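Trainee: Could you take me through the terms used for packed helices, setting each value against its definition?

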Amino acid sequence: MRTHGYLFFHDIRFSLPALLALIIVAASCKSAKLSDADAALERGEYFDAQKLYRQIYNKRNKREDRPLRGEIAFKMGKCYTKLNMAAKASAAYQNAIRYQYPDSTSLLNLGRALQAEGKYAPAIDAYTRFLDCFPDSVKPKGDESAMMRLAREGIDGCNMAMAAKQKPKTRYVVKPAKIFNSRRAEFSPMFLDKEFDQLFFTSTSEKATGEKKSEITGMKKGDIYVSKKNERGVWQQAQPAEGELNTDADEGVVSFSPDGQTMYLTKARRSETSDTSVEIYTSKRSDASWSAPQKFEITADTISAVGHPAVSPDGQWLYFCSDMPGGYGGLDIWRISLTDRAGSLENMGSQINTPGNEMFPYSRTDSLLYFASDGHPGFGGLDIFKARLNSTGDFWSVENMGLPVNSQGDDFGITFGQGESGFLSSNRGDAKGYDHIFSFELPDIRITISGWVLDKDEEPVPNAVIRIVGDDGSNQKEIARDDGSFKFNLNRGVRYVMKAGATGYLNVKQEFESDTAEEDADYGVDFILAAINKPQVVENIFYDFDKATLRPESKAALDEMAQMLRENPNVTIEMGAHTDRKGSDDYNIRLSERRAKSVTDYLIQAGIAADRLSPKGYGESVPKTVTKRINREFPQFPEGTVLTEEFIETLSPEDQEAADQINRRTEFQVLSIDYDMF
């Protein structure tokens, strides 16, 4: 089985007497023997095996030793791969190839080691050379076919990784969780329950139980540790789990029943009368103490190893990984019912499992499964994948979680706390290949819309009410602040309708759609409300000189006017046109009447009922009074000034033209607010 810094869960099929014999031989012999190294490799004691191989390799340096050096280099590569030492593994496989070791898997293994180093282009070359070993005319056998698939998946993963470097990373933020990590390996974090205030994980800290180092990893054998939050919500230094859990054997990779009273764990059980087996055990909780683990029977198979338990949130299923028969190669993810075990054992299928290794399952919901794999296209080593079950329950879509959740190293053992945050395991950045715990968080996307509710003079509207309704079912309401400002939080990719209104003002509606991009955004929108009790200038209505013909650039303002009338169907208005002081009174009255009629005709053509519109021509009879807004634009005219002909004639020619421009205007005045179209 695939090993990792959690090596004790895989490929350890040695008896206790054989282990003792190895220790005696290693301690008493002056020179390493190839048979001893091979025996250690066969037992899965990769740390001890690589030391023996290295001694033999360094001594066999004559020309006639080249074939043997190739064989030893290949076997050292296997050890370094199991120990997560990608750089040493790739160097060993390159030596095996250089010495023409006759095993084409050297190229496949070299590709995987280079990929784990992040050397994607050389990895693709190694994968391609491996595939070239199988001509199209020769149909590969079962094992060869599986290895070819791994090579193709490796190429796809390398291409994906190189392309990902040119694109932005996902929004996840990943950081070392230093409070949990020692100078050895910590991995597979798991929350005890939905309080998310106790985190259990596996540690090979020097403080772990027992005195002996693992023949497999060279570290202390794993123990189960727990960290708790204090009253301020701060994580504390981890301590060994209380009770009878930890022994001088390996324990770790835990999961819990929904009520937090039962722990499922992986344990390496040793016996003098049988081979070591990696099995799942259970432990019961009493206050903060855990009982001695009891074996959890999955099958009668005593040869295969099972580990990495993961209980579904509803407590119905136990997911785990195993190399038992009936899988797709390497380690597969399986599950078994916790309520009715008989006949419920099932492999999770080819959409999840590959000829590589699928491990460390984590069931988040009944249709959302996370796991680690080196068989699906990834960035190198183990990557974390998310599998989602479709609505019909017959297809899992598998997605690599991308950078920075994954790296060129091994990434695995994810657990979620509140929302899109939690912890995971990774050996990224560790030269010795040791695993450590990292925190991850997906920051909320903040999408907002903000603006002001103002009147036509750009003054805040008192007690303005803004409503916003989305096609996602959302419905929000807010009272504008004293300065007229407002702000709403939004969701991505939603169509919204907004309406602003206030007593004494006409309602205004606006529509928009928020972007689907995964990034923060702030939209801006202002509402300009028209007061009911005074005339309101309609900006940007233009006529041909000395005529009533509307110019094309007036269309936008008139369309907006028609929309406002649609949004206020109970309103009737007078549409008034005003001229400047030039020309006779009679001429200006007739010109303004024609202009007012042009505007109402346009609105009628736009669908507004004619009996809601009353055109009125004022000529020059109602000069404009300077408002705050006009004063801000034309500060030479004091607020409250009436722009009469007498006043204008006292001004400079430039200011006279500005005053005449202000007087030339089109306004509407609300006549009633109880119009009934029926």
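Mentor: Axes are lines fitted to C-alpha atoms, for helices over the stretch in contact, and angles run from 0 to 180 degrees between N-to-C directions; helices are DSSP runs of H or I with at least four residues, numbered from the N terminus. H3 and H4 pack with their axes 9 Å apart, at an angle of about 155 degrees. This is a predicted model, in which local features need pLDDT of at least 70, side-chain atom pairs count only at pLDDT 80 or more, and totals for chains, interfaces and linings use all residues. Residues are numbered from 1 along each chain as its sequence is written, and side-chain values use heavy atoms, with hydrogens and water left out.

Trainee: Why are H3 and H4 called roughly antiparallel?

Mentor: Angles over 145 degrees count as roughly antiparallel; the angle here is about 155 degrees, and H3 and H4 are therefore roughly antiparallel to each other.

Trainee: What makes H6 and H7 roughly antiparallel?

Mentor: The axes of H6 (residues 105-117) and H7 (residues 120-131) cross at roughly 160 degrees and come within 8 Å, so the pair is likewise roughly antiparallel.

Trainee: Which residues of H7 meet H6?

Mentor: With contact meaning heavy atoms within 4.5 Å, the H7 residues that meet H6 are Tyr120, Pro122, Ala123, Ala126, Tyr127, Arg129 and Phe130. Leaving aside neighbours within four places in sequence, Tyr127 is in contact with Leu108, Gly111, Arg112 and Gln115, and also with Ala151, Gly154, Ile155 and Cys158.

Technical notes
Helices (H or I, at least four residues) and strands (E, at least two) are DSSP runs, numbered from the N terminus. Angles under 35 degrees count as roughly parallel, over 145 as roughly antiparallel, 65 to 115 as roughly perpendicular and the rest as oblique.
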